[in-house]
Amino acid sequence: MPSFEVRPETAVPPHSVMHGEASINAQELRMLVSTLAARDTPRTEAQIQADVRQLLLRAPLDLEERDLTDVVLEAQAGGGTKIDVEVGATVIEVKRDLRKGSVREQAVAQLAGYVQSRQLSTGLRYVGVLTDGAEWGCYHLVSDGLVEVSAMEVSASKPNADELLLWLDGVMATKQDVAPTPEAIQTRLGAESSAHALDRATLTALYAANRALPSVAMKRHLWARLLRTAFGTQFVDTDELFVEHTLLVNSAEIIAHAVLGLPVDSISPGSLLSGEKFEDSGVYGVVEQDFFDWVVEVPEGAKFVKTLARRLARFAWQAVEHDVLKVLYESIIGRATRKKLGEYYTPDWLAEQMVQRVIKSPLEEKVLDPACGSGTFLFHAIRRYIVAAEQAKIGVAALLDGITDHVMGMDLHPVAVALARVTYLLALGRDRLTDPARGQIQIPVFLGDSMQWGKKRTDRVLSQGQLVIQADVLIGNPPWLAFRHMPPDTQKMFREMSESRELWKGRKWATQQDLSALFVARTIQLYLQRGGRFCFVMPSSVLNGGQYAGFRGGTFPDPEDRVDLVFERPWDLRRIRPHFFPITASVVMGQRASQPRPLPNTSERWVGDLQPDSRRWADVEEQITISAHIGEADTVRLSPYHERFTQGASIVPRVLFMAKKAPASPLGTPAGRESVRSARSVNEKQPWKDLPALEGVVETEFLRPIYLGETVLPFKAASSARAVIPYDKAGLMAGDSERIELFPGLAAWWRRAEQLWRKHRSSDRLTLLEQLDYMNKFSVQLPIHRQRVVYTKSGMHLSAARIVDQRAIVDHTLYWASVASDDEAHYLCAILNAEITTKLVRPKMSYGKDERHIDKYVWQLPIAEYDPEDQLHTDIARFGALLEKEVTALELDPKKGFVWQRQQVRQYLSTSAAGKELGLAVRKILA
């Protein structure tokens, strides 16, 4: 978190108001904040008021001598009452201790009167702050009452002074000339800031009060229709998202004015959101009337826009060096929403290096980002053009004309387009935009469908009356929308377009495919000149995943227009830490040509741990190493066990399936039934983690043991989990089936589970039963075999064990196979748990966000099928049986969790005689 600059001086006593001093040293600040928070010490409200005033004037909040007229103790509020402290448009009410009696309730009512009185007398939007020095709460006026929108607490023993100053600055918006760094944007405007909480609450209240107005309702409807068309069922139509988008776009449009040096705090709100000042300035295509200008059409909306403008005007927008609006978007729009839409925004350092790599002649090449998002690639492409133009001594007017003719963007998301247009201005820079020599310019960022789903190929694209000529360079980060998350009509078009280009991989690969490969192939077909170059961020599985085999070939024989690519060596980014996407990434690049050249098997492997403040390529370059790496061939000889092992069933969301014993009713439970409730986990995801647990009295035959990844240790499987599974000898039962009526406890649980599933699922494509048996991963386990071997799907180390429970179901966090004998089971467990096996398979494994995905990569090792006539095989089986006994005998504390238990087992295996012998034997079989 950024800190405020303070002077390193000696302390002065608290309660001494220092008029005219605008700075405070670090020790003074800590002492003052500690004194304010010490509400258990004897003090008066007058002393707290004086210390609050001292904090406001002497801390680096840009409240100096000239602001003293705005900071008034006991200001008249009307009706004979007095305000404790008033600064700007903020009223502060001070109490000695808010914990006592009804002090808080009375203070909130009193503060409401002050805020309402000041708003009526000044015509400005006021906020209220209630504090006793330790607790700080920010309130805004809704109807005739106050609602708290943000709060923080200060510790007297460990005074978090920087956090308090950031919180106060967000509320009061006083500090000026703030450098718009990514850190400042996130802390001062992002979702966790007091400023965002206040603005969001105000905007939410405005929308709630005016949503029935015809113009507001119509814009809300048009917004939803566009996003539903673009993203199908992955678009979640909520008022909350509409409000967040409104705030983002209103902010971007105000920032656009500030970039031009326009006085945003004195421009009328209507003008700020309509863009008329841009037309007056000869800058077109930046701010236009849209879904989000409803704010100025409703009562009190103009006040909100003026307050927002005042808050944003504090930043020195001419000093931007990054795509800062991306930071704002990612902070406000949650990760889950962005993941559903396949939106992963590229770090500036990576975009900067990709631009340097692919744009060879910036003054001559037309560059298009067909999925421009907030404009990261546009920003760096523009800056590259500016460097080249200034080196060539090109004047401002010609420079700006050249940029707008050579750097273009397109996106389907209206919020992304609004942000990208402002990012484009930020990249141009205020000095150039305000240069008297500048002529009229049109910002070439278009709202449009780059894919042109279902349309025939054209050599040119007409978008909003602006002709986008085919490009010499395509660059960007395409949407990674998974096939399984596409709406049915999009799935149909996706498959048809993929099949015509030989990109479709059905059967087991169907659900693993995503939009990125087709997007790259299609946009190259539509927009890239023959001989032109491309550079795209893609999922790392493009390097060796089976679902991308057609893409790696480099030829897409679509009958409309064949596309052949000459691929260059890709960048493998899987070993960059921390991961910057939820899915690990790579970069593919090359040229459109007349003859294809497949993606090379050798990649540039990037390895490094990046510091949190690494924004520019110059920072990152020193922290990584790049080396050539030979990947796996497309055709790998697989172990016979590859086809025998299958992933377990999708027993998720856990809250609807997993059950634990619950206290029985005082009247007891019927024979053959058990009182249970949902077994919860800290790893549950939204929206399921916020749902209440299910409870019921379920027939015990439907309470099945479940093996999960976390229940498996090397050589030991301890099933501590159970789930409600609606299966009898005749098969699975839905809530409306006649058979389930015979089991009232199961029926009650399952119907409630189905109801919650229908209400909260991300797509209506699957019923809850279809989710359980997705790709037959449940039904293939039945009838359950006498003996199975399971191993973990993910992790830094393989863990495998035998299971012999013929009622148990295997979850999707494990892979399983039935075996013919005890010896075969011990043989497999021994090989899978050997340390050498994990070491050999690691380079083949794809990376997830926090761990490696083992999946079936282990079967790319030469693991032969068990042969009882082979002495080495029987020796390995014998070691496996012995180690299973030894591990079972270990005393492991179950309270310490499976990670600790696995570490203890691996440590034992590495030091035991049988473990060492096993390692030597497995080395021989894998040699």
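In strand 34, which residue is the bridge partner of Tyr-707? That partner is Val-810.

Before going further, a word on the ground rules. This is a predicted model, so local features need pLDDT of at least 70 and side-chain atom pairs count only at pLDDT 80 or more, while totals for chains, interfaces and linings use all residues. Residues are numbered from 1 along each chain as its sequence is written, and side-chain values use heavy atoms, with hydrogens and water left out.

Helices (H or I, at least four residues) and strands (E, at least two) are DSSP runs, numbered from the N terminus. Two strands pair if DSSP finds at least two bridges between them. By that rule, an open sheet of 6 strands comes out in the order 25-24-23-29-26-34, with mixed pairing. Its edges are strand 25 (695-699) and strand 34, each with a single partner strand, so one side of each has no neighbour in the sheet.

Strand 26 joins strand 29 (residues 721-724) through 4 bridges, and the two run antiparallel; here Pro-705 has Arg-722 as its bridge partner. Strand 34 (residues 809-810) runs parallel to strand 26 and is joined to it by 2 bridges. Besides the Tyr-707 bridge to Val-810, Ile-706 has Ile-809 as its partner in strand 34.

Buried means under 20% relative accessible area, exposed over 50%, and partly exposed in between (1.4 Å probe, protein chains only). In strand 26 (residues 703-707), 5 of the 5 residues are buried, so the strand is largely enclosed by the rest of the structure. Both faces are covered: Leu-703, Pro-705 and Tyr-707 are buried on one side, Arg-704 and Ile-706 on the other.

**Cores and rings**

A nonpolar core is a set of buried Ala, Val, Leu, Ile, Met, Phe, Trp, Tyr and Cys residues joined through side-chain atoms within 4.5 Å. The largest one has 107 residues, of which Trp-317, Leu-425 and Leu-428 touch the most other members. A second, separate core of 42 residues includes Val-819, Cys-829, Trp-859 and Val-887.

Rings of Phe, Tyr and Trp (its six-membered ring) pair if their centres lie within 6.5 Å; planes under 30 degrees apart count as stacked, over 60 as edge-to-face and the rest as tilted.

| Pair | Centre to centre | Angle between planes | Class |
|---|---|---|---|
| Phe-315 and Trp-317 | 5.2 Å | 35° | tilted |
| Phe-645 and Trp-859 | 4.9 Å | 25° | stacked |

Phe-315 and Trp-317 are both buried. Phe-645 is in the loop between helix 23 (641-644) and strand 22 (646-647), and Trp-859 in the loop between strand 37 (852-853) and helix 29 (871-889), so the pair ties together parts that are 214 residues apart in sequence. Phe-645 counts as buried at 1% relative accessibility, and Trp-859 does too, at 0%. Elsewhere, one aromatic cluster is made up of Trp-349, Trp-480, Trp-571, Phe-580, Phe-581, Trp-606 and Trp-617.

**A buried glutamate**

Glu-28 belongs to helix 1 (residues 26-37) and counts as buried at 5% relative accessibility. Its C-alpha atom is 9.8 Å from that of Arg-58, which is 30 residues apart from Glu-28 along the chain.
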